[in-house]
Each structure stands twice: as structure tokens, then as C-alpha cells.
Amino acid sequence: QELFQVLFELGVVLGDTKAEKEAFLEREFAAADADGGGTVDFEEFVAFYTSTKKKARSSGMKHEKAVAAARRDQRKLATTSFLEADGLMALLRAGDVRLLSAKWVLKRAGFEPQVVERQGRTFTKWTTAKRDPVPLLPRQLLEQQSPEAFLSPDDLDGLLASFRAVLAKTKGAEKDGVDAAPVVVVSHCWAEKEQPDPLGTTLRTFAAELGRQMPTYAAWGYEDIGVFFDWSCCFQDTVDVVRTPAQAASFGRALEAMPMLYAHKQTTVLLIADQKVEPPRAGRGWPFYEECLTKLFKEAPPPKRYRLPEAGPTHIWPKVLRVGGELTSDGAAFKAQGPPVAPTQFLSAMASKVFTRDADRDAVLSDYRKTIEHGFSGLDRLKLSRRGWSDADLEQFAISIKEVECPMVVEVDL
């Protein structure tokens, strides 16, 4: 037993439990007794020790390789959730976050569809009506009064399938990495603590951008598209509506889903830039967090038009658009997307941002670090070209990459 203990400590014994290790040594000692005399002499022991040490080293290397492979797979899985549509669609099927129909939103905002014919092709154009927008309701009331406002998970799956059918028929699109989920996310400031948009001003602003983009969405197979506006898509707790315990739990899960909605490579984010609110967007925590998420995984669209099967030459839309203010064109809007923000710099910037609830600050700090670290850990390529970065932006990018591990990256496209 004393010899067995010494061999255990030397690390030449294979097995997970004590019984497995003892059984291994019994087998090896029996094999080492070459002359069958029932004892192991010095030469036999040297051969035994050399053999078991070699086996232990080989087993250790195999174990290390298996652990490394498992880590790579885990990193890939974490990263894939921000790149491919499956994880995003699963999140939407869970029901904690619901999406509004873009067509319904446009009508609610006072826009009307008009069928237009051009060069032998017809498409729907959304024109501004004379009536004022009708402010959006919190999710609980909207589900009761206007259930048709929402797209179901089956609706979203059908839209995605339609887009993929167009993509497969479009020469060069898949090779260029063109992809898009049927999800538009609105990043905005709440005008009041109890109501984000009491007059429908923000609704009119982002609906106008939706109206401009709808012909492009439709050309790519998205006749409708899901819209995330937090007030109407997550359960709320205000003077008008109170969350039930089940709705409160759902809201907590919805908050955990925010990184997926804003950072995902295939979602489109509208940054509402011209709201007349105090404090302004630049001083608020949630909008800053949301905008930082958009800088992580989204790629600039290829600078060319594609000949689609049912439409003329058409661009793929950018995944980040700044709506209102000075930056309104697609190209200028995407140039506003700066480099990823390093976690320590995000922490420093957040110190001066305003939150309605202090607990939100801690949650946002934790979620941002998790998102950038988990997401970048499995990337094998950083595709950040066509963003119009300055030298200062490149320096910022270098700081972020130095701080966040990217052990699998083999190519950086700037």
C-alpha cells in the first residue's frame, strides 16, 4: 500500500477513483512480472515504471486535448448564439419578448400603404397620412385590445424561410455573407418615467424609417418584419398596469435577452437620435448600453446591389441606422458605428450615465462584459471593414482586443 501511495503521488497511475487506480496498478504489476515468479525484481520494476509513466503522460495529453476541444466547442457555441438565427428565433419562441408587425406599426403611426408600379414591377410604398399617430400601449393592454399587432413565432419562421429562399436564388449574396433576421430593434429614450412616448412622437420617427426600408425588406422576401419596442413587447409595471408574479418573472428573462436582440449579427437596430428629452440620449445608461452592443458583431453591408429574383438591383440594408439628427443616409449611418468598447472603458463611461433604477446599472455592467467576453472568445474572424474608422477608432479597437481574449481569431478584416 505504501508503494501504491508513492506511485499515486508521482502521477503515474491512471484512473478516476481510488479503486480504479488500484486496479490499474494490480494489472500493471502482474504484467511486469515477466518470469511469473510472483514478485517484481528491480529490472522488472524499472520496466514497469517506465511503461506506466509513458501511459500516464499519453493519457494526460489526451485529456488535455479533450478539455481544450471542449473549451473550443463551448466558445463556439457562445459565439454562434450571436451570429446565427437559430438562437434568436428560439428566444422569440419562448414568449418573454414579443414582436410587433411592422405593417401594423406603420398604420398605427399614421402611414398608409400605396401600391406603386415601376419598370414593370409593383411594390408597396408607405405614405404619410394626415391623421396623428396613436401612441403605443404597454404589452398587457395591447395584447387585450389589439392582439393582431403581434407577429407569432410561426409568422417569424415563415418570414425567415421566405428571405432564405430569395437569398438562395440571388447570385453572390450567400458568398458575400448576406444574412438578416426578421427583427428590427428600436433603441430610444423614455420621455416619461411611466410612459416612453405619450404623444407618439418616437413612434412616428421610427415608423418613418420603417416605411423607407419596407420596399427593400419586401424585395428580399420580408413582406412584413418584427419590431421590438420595449414598452409594447415586454410586460410593464406602471400606474396603469401591474405585472403579475408570472409576468414579473417573464420581464426578468426579457431583460436577460437584451444582449441577443441588440448585439446579434442579424438583427437591425434603429438608434433614435433626435428625441427632445432630458437628460439627452448621450447621458442615459440604457441607450448607451444598447448602442455599445451594436458595435460588437454586426457587419457593414457589401457596397453593391444584387439582382433579386422578383425585384431590380437592390442593396442589402445596414444593420445599424441612426434615425433623425444629422446622420440619415445609410452610408453615413453605418459610419457612425464605432469600434467595440473595452469593458473597463464601458465601466468608466457608465459612472456618469443616468438610470431610473440603480440596480439596472449593475445588471448592464455585468451583461456587457459577459456579452463581449463570451461572444469574442469563439470568433475565428473579426470582420469590421467598411466602418469608416479614424486612427483614433483603430486605437480604441486595439485597446478592446488587448483587454478581451480572442484565442481563436486567425483573421482580422479592417
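Colleague: Leaving aside its close neighbours in sequence, what is Ser 400 in contact with?
Modeller: In this predicted model, Ser 400 is in contact with Pro 340, Val 341 and Ala 342, once neighbours within four places in sequence are left aside.

Colleague: Which helix does Ser 400 lie in?
Modeller: Ser 400 belongs to helix H16, residues 391–403.

Colleague: And is Ser 400 buried or exposed?
Modeller: Buried: the relative accessible area of Ser 400 is 3%, and the cut-off for buried is under 20%.

Colleague: Let's switch to helix H10. Which residues of H10 are buried?
Modeller: Those are Gln 247, Ser 250, Phe 251 and Ala 254. They span an arc of only 105° around the axis, which puts them on the same side of H10.

Colleague: Why do residues three or four places apart point the same way?
Modeller: An α-helix has 3.6 residues a turn, so residues with that spacing point the same way.

Colleague: Nice! What do the buried residues of H10 pack against?
Modeller: Two helices: H6 (139–145) and H11 (258–263). On the face of H10 turned away from the buried side, you'll find the exposed residues Pro 245 and Glu 256.

Colleague: Now the largest nonpolar core. Which residues touch the most other members?
Modeller: Val 97, Phe 206, Trp 220 and Phe 228, out of 92 residues in that core. Helix H8 (residues 201–219) gives the largest share, 7 residues.

Colleague: What does Phe 206 touch?
Modeller: Not counting residues up to four places away in sequence, Phe 206 touches several residues, including Val 105, Leu 136, Val 186 and Leu 270. There is also a second, separate core of 5 residues, with Phe 24 and Phe 48 among them.

Colleague: One more topic: how many salt bridges does the structure hold?
Modeller: There are 15. One of them joins Arg 98 and Glu 143, with the closest N and O atoms 3.0 Å apart. Arg 98 lies in the loop between H4 and strand E1 (99–101) and Glu 143 in helix H6, so this pair ties together parts 45 residues apart in sequence.

Colleague: Which residues are joined into one network with Arg 98?
Modeller: Arg 139 and Glu 143, through salt bridges that share partners.

Colleague: Which residue does Arg 93 form a salt bridge with?
Modeller: Asp 157, where the closest N and O atoms are 3.5 Å apart. Arg 93 sits in helix H4 (residues 85–94) and Asp 157 in helix H7 (residues 153–169), so far as the chain goes 64 residues apart. Arg 93 is partly exposed at 46% relative accessibility, and Asp 157 is partly exposed at 29%.

Definitions and conventions
Residues numbered from 1 in each chain as written. Predicted model: local features only at pLDDT ≥ 70, side-chain atom pairs only at ≥ 80, totals over all residues. Heavy atoms only, no water. Buried < 20%, exposed > 50% of the residue type's maximum accessible area, 1.4 Å probe, protein only. Helix = DSSP H or I, 4+ residues; strand = E, 2+ residues; numbered from the N terminus. Arc of directions from axis to C-beta. Contact = heavy atoms within 4.5 Å. Core = buried A, V, L, I, M, F, W, Y, C linked by side-chain atoms within 4.5 Å. Salt bridge = Lys/Arg side-chain N within 4 Å of Asp/Glu carboxyl O.
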